[in-house]
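I opened the model to look up how its parts are arranged, and these are my notes in the order in which I made them.

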Amino acid sequence: KVVVVPSVDSAGIQFQTSASGHKQARVLLSLAALKEGDEDVASQTSGLLTLDFSPEQYRSFVTEGMLSPLHLSLQSGRYRLRLGVMDMATHRIGTLEIPAEMP
């Protein structure tokens, strides 16, 4: 089992302010593992995060980011892990690909 804990930066997310002063947004996180030398997805997971931060929580998010763990089950081998983050309000997408080896 692999756990990837991306830190989501607030700069790429558009927040709305609710009547109660909370900062709200929706973010889609997606993680896929591709076996080295193959374009087929070996394993993937995704989740839609609904963010609803109090002013204090929002200040913490702006300075520290947000950690949201994603889990994959992988067999032994070499992989390319592709992480995608999308702001559902603006449809802005950020991606990252990193190599990984499972013993």
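D40 lies in the loop between β4 and β5, and it is exposed, with a relative accessible area of 52%; here buried means under 20% relative accessible area, exposed over 50% and partly exposed in between, with a 1.4 Å probe and protein chains only.

I noted the ground rules next. This is a predicted model, in which local features need pLDDT of at least 70 and side-chain atom pairs count only at pLDDT 80 or more, while totals for chains, interfaces and linings use all residues. Residues are numbered from 1 along each chain as its sequence is written, and side-chain values use heavy atoms, with hydrogens and water left out.

**Overall layout**

Along the sequence the pattern is β-β-β-β-β-α-β-β-β-β. The C-alpha atoms fill a box of roughly 50 × 25 × 15 Å, taken along the principal axes, and buried residues make up 33% of the 103 residues. Among contacts between residues at least 6 apart in sequence, 63% join residues at least 24 apart.

**Aromatic rings**

How many aromatic pairs does a search of the whole structure find? It finds four, with the rings of Phe, Tyr and Trp (its six-membered ring) taken as a pair if their centres lie within 6.5 Å, and with planes under 30 degrees apart counted as stacked, over 60 as edge-to-face and the rest as tilted. One of them is the tilted pair of F15 and F53, at 6.1 Å centre to centre and 35° between the planes. This pair links distant parts of the chain, since F15 is in the loop between β2 (7–8) and β3 (16–17) and F53 is in strand β5 (residues 41–53), 38 residues apart. I found F15 buried at 14% relative accessibility, and F53 is buried with a relative accessible area of 14%.

Y58 counts as partly exposed because its relative accessibility is 23%. F15, F53, Y58 and F61 form one aromatic cluster.

I then checked for charges over rings, which requires NZ of Lys or CZ of Arg within 6 Å of the ring centre and within 35 degrees of the ring normal. K23 lies over the face of Y58, at 5.3 Å from the ring centre.

S10 has its place in the loop between β2 and β3 and is buried, with a relative accessible area of 12%. Leaving aside neighbours within four places in sequence, S10 is in contact with F61 and V62. S10 and F61 are 51 residues apart in sequence, yet 6.7 Å apart in space, C-alpha to C-alpha.

**Nonpolar core**

I took a nonpolar core as a set of buried Ala, Val, Leu, Ile, Met, Phe, Trp, Tyr and Cys residues joined through side-chain atoms within 4.5 Å. The largest one has 21 residues, of which I13, F15, L31, L51, L72, L74 and L81 touch the most other members. At least two residues of this core come from each of β1 (2–4), β4 (23–35), β5, β7 (70–72) and β8 (77–87), and the largest share, five residues, comes from β4. Not counting residues up to four places away in sequence, the residues that L81 touches include L31, L72 and L74.

Most residues other than glycine have a negative phi. H91 is not a glycine, and I noted its positive phi of about 65°. H91 lies in the loop between β8 and β9 and is exposed, with a relative accessible area of 53%.

Technical notes
Helices (H or I, at least four residues) and strands (E, at least two) are DSSP runs, numbered from the N terminus. Contact means heavy atoms within 4.5 Å.
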